[in-house]
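Hi,

Here is the structure I said I'd pass on. Have a look, and my notes on what turned up in it follow below.

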Amino acid sequence: MRALRGAGHLDPLALQLRGEFVENNLGTEQDADGSVTVRMIAQQYLFIPHCVLVPAGVPVHLRITSADIVHSLRIEGTDYSVKITPGNVSQLQLRFPERGTYPTACGEFCGAGHYTMRSEFRSVPQEQFPALAKNERGNCAAP
Ligand SMILES: [Cu+2]
């Protein structure tokens with residue numbers, strides 16, 4: 001098991017290069033206990049991945065960091081909201097009981113493109129969530 005990084009030890013400029021938030025580690029990962037972990041990056045003016053596929057009704061552990069400045073992720077129609085700061089991993093426990101599309105938006109004014117900084121969670125019945133191989137990550141574009 002990899003050592004946990006302490007808060008403030010992520011280099012925002014090196015997210016694509018090494019560590020937990022490299023590109024092929026983003027998206028939805030199935031955990032052994034049936035829950036899932038979602039890793040995302042926020043940056044001016046988008047969330048990566050842009051669309052996150054999750055199974056309905058299971059615990060979702062969100063881990064998100066920023067590549068530049070302070071943002072926040074708000075999930076519309078829910079109470080879920082989390083502040084995202086560069087150098088740190090913000091965590092949030094989510095659950096989407098119903099199938100559906102949950103639009104998200106940045107809740108922290110972050111510049112000219114702030115109002116276009118949107119993404120979505122797509123919750124599908126568990127049996128429609130694709131079975132992922134070990135080390136595979138799911139997203140809306142997956143078959
Ligand atoms: Cu923002």
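Asn-135 sits in the segment after strand 10 (118–124). This is a predicted model, by the way. Asn-135 is not a glycine, yet its phi is positive, about 75°. Is Asn-135 buried or exposed? Its relative accessible area is 60%, so Asn-135 counts as exposed.

Next, the copper ion. Which residues hold it on the protein side? The donors are His-71 through ND1, Cys-106 and Cys-110 through their SG atoms, and Met-117 through SD. They lie 2.2 to 2.7 Å from the copper ion. If you want to find these donors in the sequence, look for the spacing H-x34-C-x3-C-x6-M. Two of them, Cys-110 and Met-117, are buried.

For orientation, the ideal angle for four tetrahedral donors at a metal is 109.5 degrees.

The bond from Gln-44 to Tyr-45 is cis, with omega near -5°. Tyr-45 belongs to the loop between strand 2 (36–43) and strand 3 (46–48). Another cis peptide bond links Ile-48 to Pro-49, and there omega is about -5°. Pro-49 is in the loop that runs between strand 3 and strand 4 (51–55).

Cheers

Conventions:
Residues numbered from 1 in each chain as written. Predicted model: local features only at pLDDT ≥ 70, side-chain atom pairs only at ≥ 80, totals over all residues. Heavy atoms only, no water. Donors = N, O, S within 2.8 Å, 3.2 Å for Na, K, Ca; no water. Buried < 20%, exposed > 50% of the residue type's maximum accessible area, 1.4 Å probe, protein only. Helix = DSSP H or I, 4+ residues; strand = E, 2+ residues; numbered from the N terminus.
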